[in-house]
Amino acid sequence: GFQAFYGENDAVKASTVFQELTTLFPSDKRAHYYLAWAYGQMQEYDKQIVALENAAALDASFVPVYESLGYVYMFRNQYDKAEEAFKEYIRLSPKEANGLACLGDLYGKMGKFEEALQQHTAATQMDPTFTYSQRQIGPTLALLGRYDEARQAFLKTMDMELDPGNKVYDQEGIMRTYLYEGD
């Protein structure tokens, strides 16, 4: 399936391969999970949700399903379902910072910037090397009108970056805070 998608640039063939896998191995949660991935690549979100729910039904503790479900629901503006999925992710994997980051992303999309900031801050406290949430703190502070704090957050993120290209995005973030501030 991945060969078809990446090697042959054929998402339809990839989904067909993963459909065949779910037929051959109907109780394999990963086959359903990868089928969901293929549907997502083709923007067939209703089918993606069904495949993810099938994987969750096979193993309710299969954490990757809840991250994927949360983002699919979030992008479809089904915020209650997205929040439920992300909270299940956090419940199942309480020591993983990424679950908090996912919930922070949702709250940011919903315009709940204080809640988003709380989640991303909690993620960086749980794992001080988790650059994704540190990277989200700056823009969130800027959206709250806390420009000086946002610039400090971007500077902190720049110090953490391993990829020099990402430092440019952090510098751009600092520049945007001045624009938002009207300076």
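How are helix 2 and helix 3 oriented to each other, roughly parallel or roughly antiparallel? The structure is a predicted model, in which local features need pLDDT of at least 70 and side-chain atom pairs count only at pLDDT 80 or more, while totals for chains, interfaces and linings use all residues. Residues are numbered from 1 along each chain as its sequence is written, and side-chain values use heavy atoms, with hydrogens and water left out.

The chain has 11 helices and zero strands, where helices (H or I, at least four residues) and strands (E, at least two) are DSSP runs numbered from the N terminus. Along the principal axes, the C-alpha atoms fill a box of roughly 60 × 35 × 30 Å.

Helix 2 (residues 11-24) packs with helix 3 at an angle of about 160 degrees, and their axes are 9 Å apart. Axes are lines fitted to C-alpha atoms, for helices over the stretch in contact, and angles run from 0 to 180 degrees between N-to-C directions. Helix 2 and helix 3 are therefore roughly antiparallel to each other (angles under 35 degrees count as roughly parallel, over 145 as roughly antiparallel, 65 to 115 as roughly perpendicular and the rest as oblique). Their crossing is left-handed, a term used if the near helix is turned anticlockwise from the far one by less than a right angle, with right-handed used if clockwise. In the contact (heavy atoms within 4.5 Å), the residues of helix 2 include Phe 18 and Leu 21, and those of helix 3 include Tyr 34 and Trp 37. By class, this contact has nine nonpolar, four polar and no charged residues; Ala, Val, Leu, Ile, Met, Phe, Trp, Tyr, Cys and Pro count as nonpolar, Asp, Glu, Lys and Arg as charged, and the others, Gly among them, as polar.

Helix 3 also packs with helix 4, at an angle of about 165 degrees and with the axes 8 Å apart. That makes helix 3 roughly antiparallel to helix 4, and helix 3 passes helix 4 in a left-handed crossing. Among the residues that meet are His 32, Leu 35 and Tyr 39 in helix 3 and Gln 48, Ala 51 and Leu 58 in helix 4. The contact of helix 3 with helix 4 divides into nine nonpolar, four polar and two charged residues.

The largest pocket holds about 240 Å³ of space. On a 1 Å grid over the protein atoms alone, a pocket is an open set of points where a 1.4 Å probe fits, with protein on both sides within 12 Å along at least five of seven lines, and lining residues have an atom within 4 Å of a point. Grid points are joined across faces, edges and corners, and a volume is the space filled by probe spheres set on the points. Of the 13 lining residues, Gln 48, Ser 68, Tyr 71, Val 72 and Phe 75 are the closest to the centre of the pocket. Helix 3 (29-41), helix 4 (45-58) and helix 5 (63-75) are the elements that give two or more residues to the lining, and helix 3 gives the largest share, five residues. The lining comprises eight nonpolar, four polar and one charged residue.
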